[in-house]
Amino acid sequence: MVPPAPPQPKAAADFFPHRDLLGVAGLTEAQVNYLLDKAEIYAAQNRRVVKRTNLLEGRTLVNLFFEASTRTRTSFELAAKRLGADVINMSAEGSSIKKGETLIDTAMTLNAMHPDVLVVRHQDSGAVALLSKKVDCAVINAGDGSHEHPTQALLDALTIRRRKGKIAGLHVAICGDIVHSRVARSNIQLLHIMGAHVRVVAPPTLLPAAAANLGVEVHHDMRRGLRDVDIVMMLRLQSERMQGSFVPSVREYFHFYGLDYEKLGYAKPDAMVMHPGPMNRGVEIDTEIADDISRSAIAEQVEMGVAVRMAVLDALSARLPNFAPMNAQ
Ligand code: CP
């Protein structure tokens, strides 16, 4: 038998008064904690044999991905199905975008089919916000260019809170290709909302020109940047967003910026290693550290991804559209 959905607060929309989740910018600490607390409940539920509830019974979620994804797309599909929704997966590859249809025309076409939630990943920063203005349903940003990836930052925050018992006051080093990374931008903002201290560690070529304006400590040397941190968050070199050469060679990059045990030794003895994936082993992270379950939280990040996405869908469900019949006045 399908168990009933967890009890909803009296006015869920008051706790999370958003129609869409386009970024972490604009979220309050209380709203983030509301999502993380819900995600904890779903994380426990996801370890049971029966993982399904009926909160989104009858609702439809469309995954619209213009860029490749393994974790985000799969976990949104699992999250929606575990809440009882129907799910359609669309990629640019098998769609009429290949015939020249624009992003907005694609969105308006899907909108005419009355989905309840659109989960969108797009290569251009700002594209998901633009699309959200053209549709009636809730829109979730699954990553837009180098702008934001809000559910990644939320799942990272949940992983940190579970492992460290808190987020406020922790020292977090985000290392690698900062300039192209939506994960870095969302994490910097969310960690600041939650009271953590953030450093970025990268060669000058992989930092945004105005890195200091992000309110972070900036380091170019891994040993200095990792000194006494609680969390080491490694990022992939995003070659798909690079025009020209940003690093002299992969071998040299790993030598100076790849996380190995020697560099990790500068962090606190219990420092936790994170990576949003996909990883390039031997480029930004040593393969042994990636698989070292005493240091690496990478698998837990993936697990928390499903729980956080269930929490986001749950929170947005309070404001999902209710369509009137065709002949209604
Ligand atoms: N972290 C992340 O967004 O992974 P995917 O590209 O596999 O979704």
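# Chat notes on a predicted model

Me: Where is Arg241 in this predicted model?
Reply: Arg241 is in the loop between β8 and α9 (250-257). The model is predicted.

Me: Buried or exposed, Arg241?
Reply: Arg241 has a relative accessibility of 18%, so it counts as buried, the cut-off being under 20%.

Me: What is Arg241 in contact with, neighbours within four places in sequence aside?
Reply: Arg241 is in contact with Glu67, Gln123, Gly145, His180 and Arg182, once neighbours within four places in sequence are set aside.

Me: And how many Å separate the C-alpha atoms of Arg241 and Glu284?
Reply: They are separated by 17 Å, and the two residues are 43 residues apart along the chain.

Me: Gln123 was on that list. Which contacts does Phe66 have, leaving aside neighbours within four places in sequence?
Reply: Gln123 again, along with Ala92, Ile97, Leu103, Val120, Arg121 and His122.

Me: Where does Phe66 sit?
Reply: Phe66 is in the loop between β1 (60-65) and α3 (71-82).

Me: Is that side buried or exposed for Phe66?
Reply: Phe66 counts as buried, because its relative accessibility is 14% and the limit for buried is under 20%.

Me: Switching to helices. At what angle do α2 and α12 pack?
Reply: At about 125°, with the axes 8 Å apart. Helix α2 covers residues 29-45 and helix α12 covers residues 298-317. That angle makes α2 oblique to α12.

Me: Left-handed or right-handed crossing for α2 and α12?
Reply: The crossing of α2 and α12 is right-handed.

Me: Which residues make the contact?
Reply: From α2, the residues are Tyr34, Leu35, Lys38, Ala39, Tyr42, Ala43 and Gln45. From α12, they are Met304, Ala307, Val308, Met310, Ala311, Val312, Asp314 and Ala315.

Me: How many of those in the contact of α2 with α12 are nonpolar, polar or charged?
Reply: The contact of α2 with α12 has twelve nonpolar residues, one polar and two charged.

Me: Buried or exposed, Ala311?
Reply: Ala311 is buried, with a relative accessible area of 1%.

Me: And how many Å apart are Ala311 and Ser181?
Reply: Ala311 and Ser181 are 24 Å apart in space, C-alpha to C-alpha, and 130 residues apart in sequence.

Me: Back to α2. At what angle do α2 and α6 pack?
Reply: Helix α6 (residues 150-164) and α2 pack at about 70°, and their axes are 10 Å apart. That makes α2 roughly perpendicular to α6.

Me: Which residues make that contact?
Reply: On the α2 side, they are Val32, Asn33, Leu35, Leu36, Asp37, Ala39, Glu40 and Ala43. On the α6 side, they are Leu154, Ala157, Leu158, Arg161 and Arg162.

Me: How do the residues of the contact of α2 with α6 divide?
Reply: Into eight nonpolar, one polar and four charged.

Me: Backbone now. Which peptide bond is cis?
Reply: The bond from Gly277 to Pro278 is cis, with omega near -5°. Pro278 is in the loop between β9 (272-274) and α11 (287-290).

Me: What phi does His114 have?
Reply: His114 has a positive phi of about 55°, although it is not a glycine. His114 is in the loop between α4 (103-111) and β3 (117-122), and its relative accessibility of 42% makes it partly exposed.

Me: And what about the phi of Asp228?
Reply: Asp228 is not a glycine either, and its phi is positive at about 65°. Asp228 lies in the loop between α8 (222-225) and β8 (231-234). With a relative accessible area of 46%, Asp228 is partly exposed.

Me: Last topic, cysteines. How many disulfides does the structure hold?
Reply: The structure holds zero disulfides.

Me: What is the relative accessible area of Cys137?
Reply: It is 1%, so Cys137 is buried. Cys175 is buried too, at 0% relative accessibility.

Conventions:
Residues numbered from 1 in each chain as written. Predicted model: local features only at pLDDT ≥ 70, side-chain atom pairs only at ≥ 80, totals over all residues. Heavy atoms only, no water. Disulfide = S-S within 2.5 Å. Buried < 20%, exposed > 50% of the residue type's maximum accessible area, 1.4 Å probe, protein only. Axes fitted to C-alpha atoms, helices over the stretch in contact; angles between N-to-C directions. Helix = DSSP H or I, 4+ residues; strand = E, 2+ residues; numbered from the N terminus. Parallel < 35°, antiparallel > 145°, perpendicular 65-115°, else oblique. Left-handed = near helix turned anticlockwise from the far one by under 90°. Contact = heavy atoms within 4.5 Å. Nonpolar A, V, L, I, M, F, W, Y, C, P; charged D, E, K, R; others polar.
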